[in-house]
Amino acid sequence: MITTILTTATILCSQILGSPTIDRYEGWVMANVEIECPEDIEYLRDIGARSLACYDHPGQTQMLMTEKMVENARLHRIETKITERDIANYIKKIDQIRGEARTAGVGGWYSDFKTWPEVNQQLQQLANNNPKLASVFEVGITHEGRAIRGIRITSPGDATNRKRILFNGCQHAREWIAVMVPVYIAEHLIEGWYNNAEIQSFLDTTEVIIVPIVNPDGYEFTYAVGGDRFWRKNRRNNSGSCEGVDLNRNWDIDWNGGDSTSTSTCSDIYVGPSVFSEPETQAMRTLIESLPNLVTHIDFHSYSQLILKAWGYTSTPHPDDNIIQALGVAMHDAYQSVHGEQYTVGTPGDILYYADGTFQDWTTSIGTLGYTIELRPTGSPGFDLPPSEIVPTCEESFEGILAMMRFISNPVTVSFPNGLISFVTPGEMHVLHVSMQPTFGGEVDPTTAKIHIRYGETGVEGTVPLEHTGNGLFKANIPGSFCGLSTEFWFEVETTTGQNQRYPAGNAVLNVGAAQLVEEITMDQNPNWSTDGLWSWGQPIGGGGQYGNPDPTSGATGNNVMGYNLNGDYESNLSEKHLVAGPYNLSGNQNTQLQFSRYLNVEQPMYDHATISVKSGNDSWQTVWTNLSEITDDQWQAVSYDISTVADNSPELWVRWTMGSTDSAWQYSGWNIDDVYISTSIESGMVGDVNCDGLVSVEDVLTIISSWGPCEGVCAEDIVPDQNINVSDLLLVIANW
Ligand code: 0X9
Ligand code: ZN
């Protein structure tokens with residue numbers, strides 16, 4: 001058996017030597033293989049099948065196989081469907097499509113995949129045209145004597161103390177799209193410096209280093225006559241046997257550790273003769289060691305549409321996983337926002353396979369947040385992404401890296417655990433819960449946390465310290481205003497090392513309007529919502545609390561709630577279980593808010609999830625809120641969310657609470673929900689409209705008269721604010737009659 005395996009492997013490798021792609025695959029076919037279990041993977045590897053994706057991917061994988069291998073796989077009950085009998089013809093077809101795309105020129109430079117010289121020329125031209133912003137440099141020289149080139153981009157001025165970010169592509173030769181994306185990023189950062197204030201300010205504080213082709217020898221080999229379109233490794237001469245080392249197995253992090261590694265020179269995942277044996281990995285290491293303050297790194301690959309985070313070599317979670325995950329999710333959302341494409345976030349072990357000695361893990365091990373992004377497509381046609389998808393892939397990736405730049409520009413992550421609304425009724429005081437957590441380690445100095453408030457766009461700004469309730473959680477009391485005058489606010493805080501954070505970038509706005517209750521579900525009676533798993537209506541019994549706090553023993557008001565397992569904790573290994581309310585008709589309504597009382601205990605989102613979503617009609621669900629940390633309520637919390645973008649004017653609004661997914665350990669008591677309100681409000685916007693009903697009328701005069709006299713704090717009737725409801729207010733009503 002062993003002899004057979006070795007012979008097959010040797011035949012495969014000797015075929016690769018010297019012959020053009022067309023001949024090299026004579027007798028080979030391309031097939032979609034249905035992988036069901038690890039044994040299948042092992043078997044396919046043993047018989048010499050070449051995976052075009054990631055070997056250990058359960059599900060469908062594209063493979064290059066001989067007809068004999070297909071036959072053997074089928075005998076082994078591995079479902080195998082030949083998609084291309086004639087690989088020479090397949091390559092000819094691809095070349096033809098590329099030729100046509102290049103001629104048509106849609107997307108300019110990005111109309112077709114570009115060779116190593118073309119990429120170098122493009123980088124040089126970018127630098128020549130923008131010498132203030134960009135410069136090309138040599139990272140190192142490969143086995144075959146090619147120069148690995150990079151480009152540095154930052155605003156003019158001394159960059160010594162700036163943060164740094166690294167993007168690279170093409171450790172793997174055949175992953176052509178992973179070259180186009182870094183070039184696009186370089187070009188659009190430079191262009192953005194001229195016409196986009198946000199990009200300019202990123203580049204004022206950050207130096208971006210981009211190396212589109214780490215593996216030029218391998219890359220050229222995938223284009224060369226006599227080369228191999230499906231080549232992955234570099235082109236090391238392994239003296240006598242097959243060429244090449246898998247650069248993404250050559251890094252010093254559990255090198256040759258046995259997960260997706262091989263010491264066979266003919267293997268696509270050959271680790272190399274020693275750690276850092278390759279000029280390409282050495283050159284990148286030297287570059288990185290010369291870059292102080294390297295905050296983040298993305299190693300672009302294809303394909304599968306994945307955002308892979310550390311660690312990839314072990315199942316032990318990274319101690320900073322909450323930050324690593326949050327940045328992954330920020331990139332996921334950004335990718336999705338452009339063309340709707342899903343890029344799944346996770347560790348390689350969770351969503352792909354463990355691999356040792358990879359680049360992302362090495363940069364993470366030296367204190368950088370390293371990611372591998374597997375670009376389009378999700379599956380077939382694999383590395384041969386149609387040229388028409390180059391620009392869209394670049395566009396979504398650019399949004400992804402902007403999200404990364406935004407993320408690292410914020411030393412403190414500000415969020416609102418109980419929601420953020422945009423409307424209050426006249427004079428209503430709003431208590432806002434604010435969470436301020438350091439983004440990259442360090443500590444928040446709670447004494448520096450304050451809110452800046454002003455009334456209207458031109459009001460005088462005042463600051464009030466925030467009340468610290470512990471663990472980076474604060475309370476802000478935002479006094480209401482009167483009709484027609486919104487409250488504007490923003491937060492400021494410092495880390496103990498003196499880094500300043502403002503949030504949001506502009507001002508948050510609390511408008512004033514008369515609230516209209518559209519739905520009121522007190523839970524005194526069963527609302528008969530659709531339930532899944534252990535969701536049910538009734539009185540919770542204070543059970544559960546293996547971790548966190550037990551369930552309550554009654555509702556926020558009355559006895560009953562809608563809860564996930566009223567008798568105790570949620571289950572382990574739970575899939576998403578939904579509670580769905582609706583539909584509600586919100587036609588003609590504006591500024592919709594969702595409010596309810598929450599009693600929730602859930603583990604941090606790396607393990608367990610609690611989510612609220614809304615949707616209109618048959619549209620897809622939009623997340624309103626999801627736990628960004630562990631939540632351990634020990635009393636009922638009033639929460640409120642602005643759901644206007646989905647709900648306003650919707651004839652069919654649905655609201656959904658989800659419990660799960662959960663992991664295999666640590667159970668919490670989960671969701672309890674009471675007193676759900678959906679309210680809307682009209683924005684009268686008229687000064688003098690004291691009750692905000694859209695009319696300046698006798699009603700407003702009566703409202704003023706009925707509250708006549710001194711007022712404390714902010715009063716809706718004190719529309720000429722002087723702490724007195726008096727004749728000046730009356731006169732303002734009349735002036736706006
Ligand atoms: O196997 C790889 O090197 C990457 N996938 S690819 O199909 N482009 O070859 C994934 C590397 C991700 N990192 C880990 N699995 N550790
Ligand atoms: Zn790759």
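1. His172 is buried, its relative accessible area being 3%, which falls below the 20% under which a residue is called buried. The structure discussed here is a predicted model, and the points below should be read with that in mind.

2. Because His172 sits in the loop between strand E7 (163-169) and helix H7 (177-195), while His301 belongs to strand E9 (residues 294-302), the pair ties together parts that are 129 residues apart in sequence.

3. In helix H4, which spans residues 67-75, the residues Met69, Val70 and Ala73 are buried. When H4 is viewed down its axis, its buried residues fall within an arc of 100°, and therefore they line one face of the helix. Just after H4, Arg77 adopts a positive phi of about 65°.

4. Elsewhere, Val698, Leu702, Ile705, Trp708, Val727, Leu731, Ile734 and Trp737 make a nonpolar surface patch of about 850 Å². Helix H16 (698-706) and helix H17 (727-735) are the elements that give two or more residues to this nonpolar patch. Trp708 lies in the loop between H16 and strand E34 (709-710), and with a relative accessibility of 45% Trp708 counts as partly exposed.

Definitions and conventions:
Residues numbered from 1 in each chain as written. Chains lettered and ligands numbered in written order. Predicted model: local features only at pLDDT ≥ 70, side-chain atom pairs only at ≥ 80, totals over all residues. Heavy atoms only, no water. Buried < 20%, exposed > 50% of the residue type's maximum accessible area, 1.4 Å probe, protein only. Helix = DSSP H or I, 4+ residues; strand = E, 2+ residues; numbered from the N terminus. Arc of directions from axis to C-beta. Patch = residues over 30% accessible without salt bridge, like charges linked within 9 Å, V, L, I, M, F, W, Y side chains within 5 Å. Areas by Shrake-Rupley, 256 points an atom, 1.4 Å probe, with all protein chains shown as cover. Salt bridge = Lys/Arg side-chain N within 4 Å of Asp/Glu carboxyl O.
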